[in-house]
Amino acid sequence: TRIASGCTDLEASALKKAFDKSIAPMSPSNKFHIHFSPEFRELGANNMSSNFQVTKYFNKPYGLLHWMEHEMGYNDKLMSDDKSSWKQ
């Protein structure tokens with residue numbers, strides 16, 4: 001799965017078209033996917049100190065979390081320290 005974060009509608013459309021043309025045909029069993037997640041660049045900016053810098057690097061971990069929650073069905077209970085709430 002390719003995760004694309006923060007794309008405009010036009011960018012997402014172009015990526016989807018390129019994916020459908022070049023990547024999807026390589027997997028007749030539909031094993032290749034593309035997932036679009038929102039922009040996470042400014043995540044937490046309101047909760048951080050005054051020297052907080054907006055950074056594109058929030059997109060990688062939070063894009064992955066978005067994919068896990070929306071496509072894989074994971075929830076925040078799986079991410080907690082309380083091991084009793086983990087799926088076995």
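Is lysine 16 buried, partly exposed or exposed? Lysine 16 is partly exposed, with a relative accessible area of 36% (buried is under 20%, exposed over 50%, partly exposed in between, with a 1.4 Å probe and protein chains only). The model is predicted, so local features need pLDDT of at least 70 and side-chain atom pairs pLDDT 80 or more, while totals for chains, interfaces and linings use all residues. Residues are numbered from 1 along each chain as its sequence is written, and side-chain values use heavy atoms, without hydrogens and water.

Lysine 16 forms a salt bridge with aspartate 20, at 3.0 Å from N to O (a side-chain nitrogen of Lys or Arg within 4 Å of a carboxyl oxygen of Asp or Glu). The two residues are four apart in helix H1, and therefore separated by about one helical turn (helices are DSSP runs of H or I with at least four residues, strands runs of E with at least two, numbered from the N terminus). Aspartate 20 is partly exposed as well, at 38%.

The whole structure holds two aromatic pairs (ring centres of Phe, Tyr or Trp, the latter by its six-membered ring, within 6.5 Å; planes under 30 degrees apart are stacked, over 60 edge-to-face, the rest tilted). In one of them, phenylalanine 40 and tyrosine 62 have ring centres 5.9 Å apart and planes at 35°, so this pair is tilted. Phenylalanine 40 lies in the loop between strand S2 (34-37) and helix H2 (59-70) and tyrosine 62 in helix H2, so the contact ties together parts 22 residues apart in sequence. Phenylalanine 40 is buried at 13%, whereas tyrosine 62 is partly exposed at 32%. Ring pairs link Phe40, Phe58 and Tyr62 into a cluster.
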